[in-house]
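Thanks for coming. Please have the sequence and the structure open while I go through a few places in the chain.

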Amino acid sequence: LDVDVLALSEMKQRQMGLPPQSLAERIAVCASIAAMADLLERHRLVYLDWSYANLFWRPADHSAYLIDLDGASFGPRPQIQSPQWEDPHFPLGTTAGNDSDRYRVALLITRCLTGTRVYVAEARTKLSELRTLSAEVEHLAELLILTLTTAASSRPTIATMRAALDVADGTSAAG
């Protein structure tokens, strides 16, 4: 399925005839997304095209699949236009790299976890609602807020986001 279906509320998923995705299932898919993004970042590949249109997910095993890699580059490149995914620190026409990928991945994960198409201004509120569920989810929410609101050079790596997702998912040694 297109990943935008994961970024819908449970009610809208039901209306589409899909089983509603629990937070645990959403975290598992987001961990798969972060694993792909981490792989790109570790190899200094810049993608910049993180959006609903370029990711699929499989409900049966919570795996995610990235498509449309023809624009990826080794190292920074000109920022691309992606409505509703704009990084405030790297506007269209500037050169962007992995720092911008971190922002867009955090926004995508936030939208998938909360089941809403939040904008950065709403992200803090939506993520705050998740904080009370467990210490692991609280840490993940704090990390996503930090990634979306801090200076580009201070954004946590995607590996850090991935580790927090793995802990929240219970798949890491710390979890």
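Which side chain does a polar contact of 3.2 Å join to that of aspartate 87? The partner is serine 100. A polar contact here is a pair of N or O atoms within 3.5 Å; within protein, one must be able to donate a hydrogen and the other to accept it, and residues adjacent in sequence count only if both atoms are side-chain atoms.

Before going on, the background. This is a predicted model, so local features need pLDDT of at least 70 and side-chain atom pairs count only at pLDDT 80 or more, while totals for chains, interfaces and linings use all residues. Residues are numbered from 1 along each chain as its sequence is written, and side-chain values use heavy atoms, with hydrogens and water left out.

Back to aspartate 87. It lies in the loop between strand E5 (77-78) and strand E6 (95-96). Helices (H or I, at least four residues) and strands (E, at least two) are DSSP runs, numbered from the N terminus. Aspartate 87 counts as buried because its relative accessibility is 2%; buried means under 20% relative accessible area, exposed over 50%, and partly exposed in between, with a 1.4 Å probe and protein chains only. Leaving out residues up to four places away in sequence, aspartate 87 touches Gln79, Asp99, Ser100, Tyr103, Arg104 and Arg155, where contact means heavy atoms within 4.5 Å.

Glutamine 81 is found in the loop between E5 and E6. Is glutamine 81 buried or exposed? At 59% relative accessibility, glutamine 81 counts as exposed. Its C-alpha atom is separated by 8.7 Å from that of glycine 93, twelve residues apart along the chain.

Next, helix H5 (135-149). Threonine 147 lies in this helix and is buried, at 0% relative accessibility. Its side chain reaches the backbone oxygen of leucine 143 at 2.8 Å. Not counting residues up to four places away in sequence, threonine 147 touches Arg102, Tyr103, Ala106, Arg155, Pro156 and Met161.

Now helix H2 (residues 23-42), where alanine 34 has its place. Alanine 34 is buried, with a relative accessible area of 0%. Its contacts, again without residues up to four places away in sequence, are Ile109, Ile158, Arg162 and Leu165. Alanine 34 and alanine 164 are 130 residues apart along the chain, and their C-alpha atoms are separated by 10.0 Å.

On to helix H4 (residues 120-130). Its buried residues are Ala123, Leu127 and Leu130. Seen down the axis of H4, these residues fall within an arc of 40°, so they line one face of the helix; the arc is that of the directions from the helix axis to the C-beta atoms. What covers them includes H2, helix H3 (98-114) and H5.

Last, the cavity. The count comes to one cavity of 30 Å³ or more, and the largest cavity holds about 40 Å³ of space. Its lining is made up of Leu23, Ile27, Leu113, Leu130, Val137, Leu140, Ala141 and Leu144. H2 and H5 are the elements that give two or more residues to that lining, and H5 gives the most, with four. On a 1 Å grid over the protein atoms alone, a cavity is a set of points where a 1.4 Å probe fits but cannot get out, and lining residues have an atom within 4 Å of a point. Grid points are joined across faces, edges and corners, and a volume is the space filled by probe spheres set on the points.

How values were computed
On a 1 Å grid over the protein atoms alone, a cavity is a set of points where a 1.4 Å probe fits but cannot get out, and a pocket is an open set with protein on both sides within 12 Å along at least five of seven lines; lining residues have an atom within 4 Å of a point.
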